[in-house]
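Student: Hi! Could you walk me through this one?
Tutor: Happy to, here it comes.
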Amino acid sequence: MVSMAVVLNVGWIILNWRRLMPMLIGIPFFALLIAGVVLNTIFLVREVRRNERHDSFINAVTHELKTPIASIKLYLETLARRDLSEEKRQEFYGIMLEDSERLLATVEQVLKAGEVGQRSRKMERAPVDMREVVSESIRRMKLLHHLDDDSLSFEQPPVEVSLTVRGDQEELRTVVTNLLTNAVKYSPGGIHIQVRLAIEREAWVILSVTDRGIGIAPAHLKRIFTRFYRVPARNVLRTKGTGLGLFLVRTIARQHGGDAFAASAGEGKGATVSVQLPRVLDRKAEPRAIQEAS
């Protein structure tokens, strides 16, 4: 439509080039008309994509809610109808507990996404030691997924170097948990995750989580932080998710004065997701320790 309009307008100008006044009036209006058509098309495409992501999110959340509920119901019915040994009962209780935790994690993630999206909300800010938050999250992740030290390593500066930031400890724990969960989820060929805490220019605390999983194509590196967005290639692996994990990571990081970034050499070559947060400067820190960490 735009091309046809341009051809018709150019043809009209050629046929009526001596009529100066209509040309001076018509050309600006024509430019505005074309700009309106282009903008309308852009907004329409964005709305279509937003609706597609929303539908994908609804389907994913429905599955994430329905699957553990159906599993819990099945095991409860089995326990009620059959006379099982104590060992079998304990096994069923453990499975139902895992399903309950999965269900609770999905609900908490959806609620957290709605909470962080509220611009008017007030955040309680206090000094938070990122070393403790990351260490605790790693311990929980190892217990949850039965990981050994070879599967998940942790590199950090010397204990003399302060890794304190100012913010909400629970939300920062959400950031670390989502990064670790994504790294585990998208490492189907074997879990090899490296977590690194470092200091950049003495003003930033950098948390990086690197995996050797399925990787991310360059075209999707910026879009993975969008709400509900999931890389299409990852759906081939039938890995379920809500598309909110990295959205929460970047949103919380920015609300704390930082940001989040992703890097990958390509599909099948792993990925690194990094979060930077403003560091609370420790006047008592030894200069040598800070230089070594940098």
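Tutor: A quick definition to start: helices (H or I, at least four residues) and strands (E, at least two) are DSSP runs, numbered from the N terminus. This is a predicted model, where local features need pLDDT of at least 70, side-chain atom pairs count only at pLDDT 80 or more, and totals for chains, interfaces and linings use all residues. Residues are numbered from 1 along each chain as its sequence is written, and side-chain values use heavy atoms, with hydrogens and water left out.

Student: Thanks! Where does Arg201 lie?
Tutor: Arg201 lies in the loop between strand S4 (193–200) and strand S5 (204–211).

Student: And what is the phi of Arg201?
Tutor: Arg201 has a positive phi of about 55°, though it is not a glycine. Most residues other than glycine have a negative phi.

Student: Is Arg201 buried or exposed?
Tutor: Arg201 is exposed, with a relative accessible area of 64%. Buried means under 20% relative accessible area, exposed over 50%, and partly exposed in between (1.4 Å probe, protein chains only).

Student: What about Glu202?
Tutor: Glu202 also lies in the loop between S4 and S5. Its phi is positive, about 65°, and Glu202 is not a glycine either. Glu202 counts as partly exposed, at 40% relative accessibility.

Student: Switching topic: how many helices and strands are in the chain?
Tutor: The chain has seven helices and seven strands. From the N terminus on, the order is α-α-α-β-α-β-β-α-β-β-α-β-β-α.

Student: And how much of the chain is buried?
Tutor: Of its 294 residues, 40% count as buried.
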